[in-house]
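Please look over the sequence and fold below.

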Amino acid sequence: MKVGILTGGGDCPGLNAVIRAVVRKGVFHYNDEFVGFMEGWRGVMENIIMPLDLEAVGGILPRGGTILRSSRTNPAKKEGGLERCIANLKKEKVDALVAIGGDDTQSVSQKLFELGVHVVAVPKTIDNDVGGTEVCFGFDTAVSIATEAIDRLHTTAEAHNRVIMVEVMGRNSGWIAIYAGIAGGADVILIPERPFDIEDIAATLKRRHQRGRYFSIIVVAEGAKPNSSAGVVTESDKVDEFGHERLGGIGNVLAREIEKRTGFETRAVVLGHTQRGGSPTSFDRMLATRYGIGAIDLVHRGEWGSMVAIQANHITSVRIADAISKTRYVGQEFIDVALSLHDKQEEKALR
Ligand code: F6P
């Protein structure tokens, strides 16, 4: 078979490990040939390709980013975009397409599947919010990076009696914030799933100081929302081709508000793309490899319109349409873990 591969959306540690696994199993076990489409759906729409063979995937397992590069191009938003994709897949004699990406990328996979393209999906995101699967590669790496940053910020916050507000990614779900916040021992964790009250946070910090703790670490997810207003706090008004606003900026805004209310010096640190860069953890390399092997097996079972998934730590598959129709949010069980680490008074204020 001739199989095309693309990586779409924000990059994510482990993408190269998926590509490598798909190609190696495809070549060794199925005698497949591969072609790489560059920069996500842009490569398919504009027929920008690279040869993808065993040599091309040599040595890429530990590398961050993606050898196929990525973009947030949405062919469904371009005049004749989907038709151009189909024409180019035909031109390259591609029998099947493996699309590695988050819900935006997979919404295009679903549209092409409905138009008859043989597509299978691999979920990808550091945000860990894709429906139908329990864990995405890249998430563990992002959490590890954020946790290490929180550890480092603890020592400097303590040395200077400061409050440090650490802003992490995650879009509209708080997985990175709650995992890194708990693992890093943050004093307050703010996630989009639970709108926060700024007065409660200020009161919690003041009580900590009264108890003789002169520094605090707050982890805030970029999509966290105050309960007083409807929307997220952003620095930019830009939206991408899938209609998502560019998140980021809440850390700086909150730092000013907290300092105003408490009188404690408060600084914001935005971890930003650091969380997406560099080498994947061994956990993510393993997960990405399993996803890649699962994907090429789906291709050879002809399970078009399916996405590889992990459920109860087993590789399985779900319909792409089902996966993209639901975002995974942080559940109460995780919120309770975070709250259980506070005394009754703080817990009440933060609940
Ligand atoms: O979806 C992954 C992610 O890193 C989000 O956490 C973040 O909001 C977004 O991508 C940032 O995207 P970009 O790199 O395009 O600004």
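## After helix 3

Lys93 follows helix 3. Its phi is positive, near 55°. The model is predicted, and this angle of Lys93 is a computed value.

Helix 3 spans residues 81-91. Its buried residues are Gly81, Leu82, Cys85, Asn88 and Leu89. They cover an arc of only 125° around the axis, so they lie on the same side of helix 3. An α-helix has 3.6 residues a turn, so residues three or four places apart point the same way.

What does the buried side of helix 3 pack against? Its partners are strand 2 (33-37), helix 2 (41-46), strand 4 (96-101) and helix 4 (103-114). The face turned away from the buried side carries Glu83, Lys90 and Lys91, which are exposed.

## Helix 1 against helix 9

Two packed helices are described by the angle and the distance between their axes. Helix 1 covers residues 15-30, and helix 9 covers residues 282-301. Their axes come within 7 Å and cross at roughly 45°. Helix 1 and helix 9 are therefore oblique to each other. Their crossing is right-handed.

Which residues meet here? Helix 1 brings Ala17, Val18, Ala21, Val22, Lys25, Gly26 and Tyr30. Helix 9 brings Arg285, Ala288, Thr289, Gly292, Ile293, Ala295, Ile296, Asp297 and His300. The residues of this contact between helix 1 and helix 9 divide into 9 nonpolar, 4 polar and 3 charged.

Definitions and conventions
Residues numbered from 1 in each chain as written. Predicted model: local features only at pLDDT ≥ 70, side-chain atom pairs only at ≥ 80, totals over all residues. Heavy atoms only, no water. Axes fitted to C-alpha atoms, helices over the stretch in contact; angles between N-to-C directions. Helix = DSSP H or I, 4+ residues; strand = E, 2+ residues; numbered from the N terminus. Parallel < 35°, antiparallel > 145°, perpendicular 65-115°, else oblique. Left-handed = near helix turned anticlockwise from the far one by under 90°. Contact = heavy atoms within 4.5 Å. Nonpolar A, V, L, I, M, F, W, Y, C, P; charged D, E, K, R; others polar. Buried < 20%, exposed > 50% of the residue type's maximum accessible area, 1.4 Å probe, protein only. Arc of directions from axis to C-beta.
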